[in-house]
Structure formats: structure tokens, C-alpha cells
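Notebook open, model loaded. I want to go through one chain and jot down what turns up.

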Amino acid sequence: QVQVVESGGALVQSGGSLRLSCAASGSFFGALHMGWYRQAPGKQRELAATITSGGSTNIADSVKGRFTISRDNAKNTMYLQMNSLKPEDTAVYYCNVVLVSAPGALPRTYWGQGTQVTVSS
């Protein structure tokens, strides 16, 4: 059984900062790609940032320069540091993790339940 749990969402004022965490736990060998996606009310889910097991990152243009993604492979945990938050960053933020159960096994994708980030103007 694999669990993916996000935390850190909150209500914050425009210009403020938040740090989201995502922890993967359970029975698996390792985490490959990890990423943060977000979904605002009435909009489709969109990519915010991703990070590979080697630390290479991909940041959406809309958050580039304000958001930083990182991970701790030993803890199977990923973080999203969000600075200079804007009201348009308001969304449910979801953690996406690609895991393998054993060396050479096919990867599987897991989603967390989401954490709400609300930025007031």
C-alpha cells in the first residue's frame, strides 16, 4: 500500500510565502519523477513544477522565479517553496509521484489528496 500525503496549504496574504510538503510512504523501491500540479476553481489541473530523482527541475512560466521545488530522496519527500504569492496562485495543489515497486518494475503514478492554498488580495 502506498500513501502520498501533502501538507502545508493555508490562507496567506498576497506577497506572502508558503512551503508545501509531499511525503510518499508504504511499500515501494524508489521514487522517480515527483511533481506539483494545481487546480483553480473552474479551471483544468496544470503543472506547477516537477523534479527528477537526479534533481533536474521543470518550472511553469507562471511561477518561475517565485516557486522552488526540491526533494529529499532519503525521506521520499518533496517540497514546494512558494514566495511572492499572488491571488491567482489560489488553487488546490496536488502531489504527483512516480514510484517503482522493485528494480526494473514498471513505474506507477500516484496522486495525493490535495492541499488548499488561498492567497488573499
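This is a predicted model: local features need pLDDT of at least 70, side-chain atom pairs count only at pLDDT 80 or more; totals for chains, interfaces and linings use all residues.

Where is the place of Glu6? I find Glu6 in strand β1, residues 2-7. Strands here are DSSP runs of E with at least two residues, helices are runs of H or I with at least four, and both are numbered from the N terminus.

Residues are numbered from 1 along each chain as its sequence is written, and side-chain values use heavy atoms, with hydrogens and water left out.

**Glu6**

I looked for a charge partner and came back without one: Glu6 is buried yet has no salt bridge. The nearest side chain of opposite charge is Arg45, 7.5 Å away. For the record, buried means under 20% relative accessible area, exposed over 50%, and partly exposed in between (1.4 Å probe, protein chains only). A salt bridge needs a side-chain nitrogen of Lys or Arg within 4 Å of a carboxyl oxygen of Asp or Glu. For charge, Lys and Arg count as positive and Asp and Glu as negative, while His and the chain ends are not counted.

What lies by the side chain of Glu6, then? I get the backbone nitrogen of Gln113 at 3.0 Å from one of its polar atoms. The backbone nitrogen of Gly114 is 2.9 Å from a polar atom of the Glu6 side chain. Leaving aside neighbours within four places in sequence, I also list contacts (heavy atoms within 4.5 Å) from Glu6 to residues including Cys22, Trp36, Tyr94, Cys95 and Thr115.

**Gly8**

Next I moved on to Gly8, in the loop between β1 and β2 (11-13). Gly8 is partly exposed, with a relative accessible area of 33%. Beyond four places in sequence, Gly8 is in contact with Leu18, Arg19, Leu20 and Thr115.

**Salt bridges**

How many salt bridges does a search of the whole structure find? I count 4. Arg66 pairs with Asp89, closest N and O atoms 2.7 Å apart. Arg66 sits in the loop between β6 (57-59) and β7 (67-72) and Asp89 in the loop between β8 (77-82) and β9 (91-100), so the pair ties together parts that are 23 residues apart in sequence. Both Arg66 and Asp89 are buried.

Glu46 bridges to Arg38, with closest N and O atoms 2.8 Å apart. Here Glu46 is partly exposed at 35% relative accessible area, while Arg38 is buried at 6%. I see Arg38, Glu46, Arg66 and Asp89 linked in a network of salt bridges.

Lys64 and Asp61 also meet in a salt bridge, at 3.2 Å from N to O. Lys64 is exposed at 52%, and Asp61 is exposed at 68%.

**Whole chain**

Last, the overview. I get 0 helices and 11 strands. Of the 121 residues, 44% count as buried. The C-alpha atoms fill a box of roughly 50 × 25 × 25 Å along the principal axes. Among contacts between residues at least 6 apart in sequence, 57% join residues at least 24 apart.

Definitions and conventions: A polar contact is a pair of N or O atoms within 3.5 Å; within protein, one must be able to donate a hydrogen and the other to accept it, and residues adjacent in sequence count only if both atoms are side-chain atoms.
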